[in-house]
Amino acid sequence: MEPKLHVSQIPTKPRARAAPPTADSVLFEDTSSGAPAMSSQGYYTPGYNMAGPSNDMQGGPAVNNLFADPMANAAMMYGSSLANQGKDMVNKEISRFMPVNKLKYFFAVDTRYVMKKLMILMFPYTHQDWEVRYHRDTPLTPRQDVNAPDLYIPSMAFITYILLAGMALGIQKRFSPEVLGLCASTALVWVIIEVLVMLLSLYLLTVHSDLSTFDLIAYSGYKYVGMIFTVLCGLLFGSDGYFVALAWSSCALMFFIVRSLKMKILPSLSTDAMGTGSSAKPQFRLYITVATAVFQPIIIYWLTSHLVR
């Protein structure tokens, strides 16, 4: 019989105590300063840097070194100098073909001038003084002289005419972008043709006047005011109202053109009598003035008759 061993007599090995956690094995990994860890499924685990990119990612030292580089500063200054020179050249070329300061003169208007000018255009028979005023050989601005030509009323009247034409075509169920574009281009082309013919006539007849190209554009563009009045009367009162308004606006515009151009072209008649004026005969200048005035009703009818039915 084998002897029985008691449990207390079985030799036991001493248990080893767990070592304290070191820096390499921590319970929660600090991911606040690094990129988020990727799991086995390919997704990023939570915990990412909320402090934004570091200084190196923003390129701080590189940018500072760039601005501190004397060659880079010299290149930037040279590029800025070239850009300023190019800007000056462009402004000079623009001023050469289109004098900006002179163009500003034709838009120097106010509400009082616009109201008075519209009254003169529609009721020119009551206006007495048609002389353009000067200050030290320079004409006064439109806001200071109601007889001075401007480009604000012609440009606004042209836009209003196009909008009114679109409304008239829409009422008649004939509106389309192509028709409206044709209407606008036709009205603009007629003004250009009229100004070119006027300039050519003054050149061929050697008429020396103080009329500039902008003056002619202004006087030619005043017809849009009468065209708006004519189309409105045609839409409100039919064909009878259209022809009455056409007659009134045509007579008023012819009277206005003759009295205005008379102060620009015909005053040189007195210089011809003294032998110091241009070689053109006096009646030729009168013909130019009258022909320009008579031509206005034809254009008004041509540009408005198809809008009223």
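Reader: What volume does the largest pocket have?

Author: The model is a predicted one. In this model, the largest pocket has a volume of about 260 Å³.

Reader: Which helix gives the largest share of the lining of the largest pocket?

Author: The lining includes Leu 151, Phe 158, Val 191, Ile 217 and Tyr 224. Two or more lining residues come from each of helix H5 (152-171), helix H6 (177-204) and helix H7 (213-221). The largest share is five residues, and the helix that gives them is H6.

Reader: How many charged residues are in the lining of the largest pocket?

Author: Pro 154, Ser 155, Leu 188 and Gly 221 are among the lining residues. Sorted by class, the lining has ten nonpolar and two polar residues, and the number of charged ones is none.

Reader: Which residues do salt bridges that share partners join into one network?

Author: The whole structure has three salt bridges. Asp 129 pairs with Arg 133, with the closest N and O atoms 2.8 Å apart, and Arg 133 also pairs with Asp 145, at 3.2 Å. Glu 194 and Lys 223 meet in a salt bridge as well, at 2.7 Å from N to O, and this pair links helix H6 to helix H8, 29 residues apart. The network formed through shared partners consists of Asp 129, Arg 133 and Asp 145.

Reader: Is Asp 145 buried or exposed?

Author: Arg 133, a salt-bridge partner of Asp 145, is partly exposed at 40% relative accessible area. Arg 133 lies in the loop between helix H4 and strand S1 and Asp 145 in the loop between strand S2 and H5, so the pair ties together parts twelve residues apart in sequence. The cut-off for buried is under 20% relative accessible area. Asp 145 has 1% relative accessibility and therefore counts as buried.

Reader: What relative accessibility does Lys 223 have?

Author: Lys 223 forms its salt bridge with Glu 194, which counts as buried at 9% relative accessibility. Lys 223 also counts as buried, because its relative accessibility is 1%.

Conventions. Residues are numbered from 1 along each chain as its sequence is written. This is a predicted model: local features need pLDDT of at least 70, side-chain atom pairs count only at pLDDT 80 or more; totals for chains, interfaces and linings use all residues. Side-chain values use heavy atoms; hydrogens and water are left out. On a 1 Å grid over the protein atoms alone, a cavity is a set of points where a 1.4 Å probe fits but cannot get out, and a pocket is an open set with protein on both sides within 12 Å along at least five of seven lines; lining residues have an atom within 4 Å of a point. Grid points are joined across faces, edges and corners, and a volume is the space filled by probe spheres set on the points. Helices (H or I, at least four residues) and strands (E, at least two) are DSSP runs, numbered from the N terminus. Ala, Val, Leu, Ile, Met, Phe, Trp, Tyr, Cys and Pro count as nonpolar, Asp, Glu, Lys and Arg as charged, and the others, Gly among them, as polar. A salt bridge is a side-chain nitrogen of Lys or Arg within 4 Å of a carboxyl oxygen of Asp or Glu. Buried means under 20% relative accessible area, exposed over 50%, partly exposed in between (1.4 Å probe, protein chains only).
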